Amino acid sequence: MTTKRKVRKAVIPAAGFGTRFLPIAKSVPKEMLPLVDKPVIQWVVEEAVESGITDILLVISRSKRSIEEHFNSVPELESQLEAKGRIDDLKELRRLQSMAKIHFVWQPRMAGLGDAILQAREHVGDEPFAVLLGDSVVTSDSDQSVTRQLADLVETHGGSAVALQEVPEEKVSRYGIVGGEDLGNGVIRANSFIEKPTVAEAPSRWAVSARYVLSPSIFETLEQTAAGKGGELQITDAMASLMREEPLHGLLFSGRRHDIGNKLDFIKANLHFGLQHPEIGGALRAYVESIARNI
């Protein structure tokens, strides 16, 4: 049955090995790599909070306890900051701990995004929920975050919704691709959903872009879905099945996905956010321009 309940919970999968970032990912979770002065995972959590989410479950693995530690209090550090009069730093730490209710669950084995989302079944219950990939920061040109826009779609139409960006034909095989009817204002009513298709198989060039709001019915569908490409449980396959029973909308959003899962985009993202940083933006811009002049 289609649900139109408010979206107040989010799941952030962050358990993967991060093999594209070896050797550093062996000991430092890629989600804990810094984007200027905050780890990537904090940017993602803040995006969820900005979207009206009040309850967040992070799906981690045994090698990623530092993520859990980042969101826990450290009384000794707080006492030191207070004694030294570093009140702004103290307020920032306390804000980090109070942004939302943050919980953790372990994914026992790396078996795909669908399997990671299944770990959240008990926590989510029968509510629609957001999924924000823990290695991607998504910015919006709108005054609303992309996750908030997806939540609005689901709260209005029921079912599920995914963020989409149009990609060049040569990149189609890297993504889950949605096909469907363009309803205008960037909204797509999906009728097909294929994981990493060939160009010939692809119904469009509308690629899923790291943000979802899902119906709780997805859990039962995932339980009935066989392993797909790479021997992993693919959320794409489950959503393709579920949309036969419930609506699935795509949102061609105006904004940018910063994929922190690879080295080049990680460096690009640091430049993007560094240039906007109030403390270092001007000096960084001058440095980048000086390098460009000397190349």
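Guide: Let us begin with a definition: an angle over 145 degrees between two axes counts as roughly antiparallel. Please note also that this model is predicted.

Visitor: Why are α3 and α4 called roughly antiparallel to each other?

Guide: The axes of helix α3 (residues 75-83) and helix α4 (residues 87-98) cross at roughly 150°. The cut-off is over 145 degrees, and α3 and α4 are therefore roughly antiparallel. Their axes come within 9 Å.

Visitor: Which residues of α3 and α4 meet?

Guide: On the α3 side they are Leu 77, Glu 78, Leu 81 and Glu 82. In α4, the partners are Asp 89, Leu 90, Leu 93, Arg 94 and Gln 97.

Visitor: Where in the chain is confidence lowest, and where is it highest?

Guide: The lowest mean, 88, belongs to α4, whereas strand β6 (residues 129-132) reaches 98. On a scale from 0 to 100, the chain averages a pLDDT of 92.

Visitor: What is the volume of the largest pocket, and which residues are closest to its centre?

Guide: The volume is about 1200 Å³. Of the 37 lining residues, the closest to the centre are Arg 20, Leu 113, Leu 133, Asp 135 and Lys 196. Strand β11 gives the most to this lining, with 3 residues.

Definitions and conventions. Residues numbered from 1 in each chain as written. Predicted model: local features only at pLDDT ≥ 70, side-chain atom pairs only at ≥ 80, totals over all residues. Heavy atoms only, no water. Axes fitted to C-alpha atoms, helices over the stretch in contact; angles between N-to-C directions. Helix = DSSP H or I, 4+ residues; strand = E, 2+ residues; numbered from the N terminus. Parallel < 35°, antiparallel > 145°, perpendicular 65-115°, else oblique. Contact = heavy atoms within 4.5 Å. pLDDT = per-residue confidence, 0-100. 1 Å grid on protein atoms, 1.4 Å probe; cavity = no way out; pocket = protein on both sides within 12 Å on 5 of 7 lines; lining within 4 Å. Points joined across faces, edges and corners; volume = space filled by probe spheres on them.
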